[in-house]
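Colleague: I am new to this one. Could you walk me through the terms used for it?

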Amino acid sequence: ACPFQPVRICDEPVEAKRGERDRMPLELAQPQLVEKRILLLFPAQSYRVDAFVAAARRLGITLVLGTDLPGPFARYGLPLVTVDFYQPESAGAAIEAMARATPLDGIVPTNESTAVVAALAAERLGLPHIKASAAYAARNKRLMRELFAKAGVPGPRTIVVEPNEDP
């Protein structure tokens, strides 16, 4: 059991006691190394790739990079897969074919477009995933709000203004 109690959020500033971090159990302070092969899906304009690659290396994860413009990412020295995020179904099939030859333990999307492709590919491969319909809904605010309302999730009142319509 962890010896730390959750910190209650209040109006007064809360300071950690000196030395508390030093008493943190080693298993919480050190990342656990895992031997996994993960496909990271990201658009070529992503600014987060360096952080993902560094974290994967620290954890001992073998990363495969999946992007729509792989050339600039060859500098990482990692396997690359070209993925067309505008064609999610065919991208999912291409990832499935690649993973049948070299299996994956998981797929990590980095934005709404990559989440759809990840869901479709992971479903085909039997990997943990969200439903593709949920990933599609996350990309479409109108659909997402309709689904939330149907499920009884409260939200602000909204109106839909179609293109060329005067609000």
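**Rings, burial and one backbone angle**

Modeller: Gladly. F42 is a buried residue, and this is a predicted model.

Colleague: Why is F42 called buried?

Modeller: Its relative accessibility is 0%. Buried means under 20%, so F42 qualifies.

Colleague: What makes F42 and F73 an edge-to-face pair?

Modeller: Two values. The centres lie 4.8 Å apart, and pairing needs them within 6.5 Å.

Colleague: Why does the pair of F42 and F73 tie together parts that are apart in sequence?

Modeller: F42 sits in the loop between β1 (37-41) and α2 (49-59), and F73 in the loop between β2 (62-67) and β3 (80-82), so the pair joins parts 31 residues apart in sequence.

Colleague: How do you know whether F73 is buried or exposed?

Modeller: F73 has a relative accessible area of 6%. The cut-off is under 20%, so F73 is buried.

Colleague: Why is the pair of F73 and Y76 called stacked?

Modeller: Their planes are at 5 degrees, and the centres are 6.5 Å apart. Ring pairs link F42, F73 and Y76 into a cluster.

Colleague: What makes the charged end of R48 sit over the ring of Y47?

Modeller: The charged end is 5.3 Å from the ring centre. The distance limit is within 6 Å.

Colleague: Why does N164 count as exposed?

Modeller: Its relative accessibility is 86%, and exposed means over 50%, so N164 passes. N164 also has a positive phi of about 65 degrees, although it is not a glycine.

Definitions and conventions. Residues are numbered from 1 along each chain as its sequence is written. This is a predicted model: local features need pLDDT of at least 70, side-chain atom pairs count only at pLDDT 80 or more; totals for chains, interfaces and linings use all residues. Side-chain values use heavy atoms; hydrogens and water are left out. Rings of Phe, Tyr and Trp (its six-membered ring) pair if their centres lie within 6.5 Å; planes under 30 degrees apart count as stacked, over 60 as edge-to-face and the rest as tilted. Helices (H or I, at least four residues) and strands (E, at least two) are DSSP runs, numbered from the N terminus. Buried means under 20% relative accessible area, exposed over 50%, partly exposed in between (1.4 Å probe, protein chains only). A charge sits over a ring if NZ of Lys or CZ of Arg is within 6 Å of the ring centre and within 35 degrees of the ring normal.
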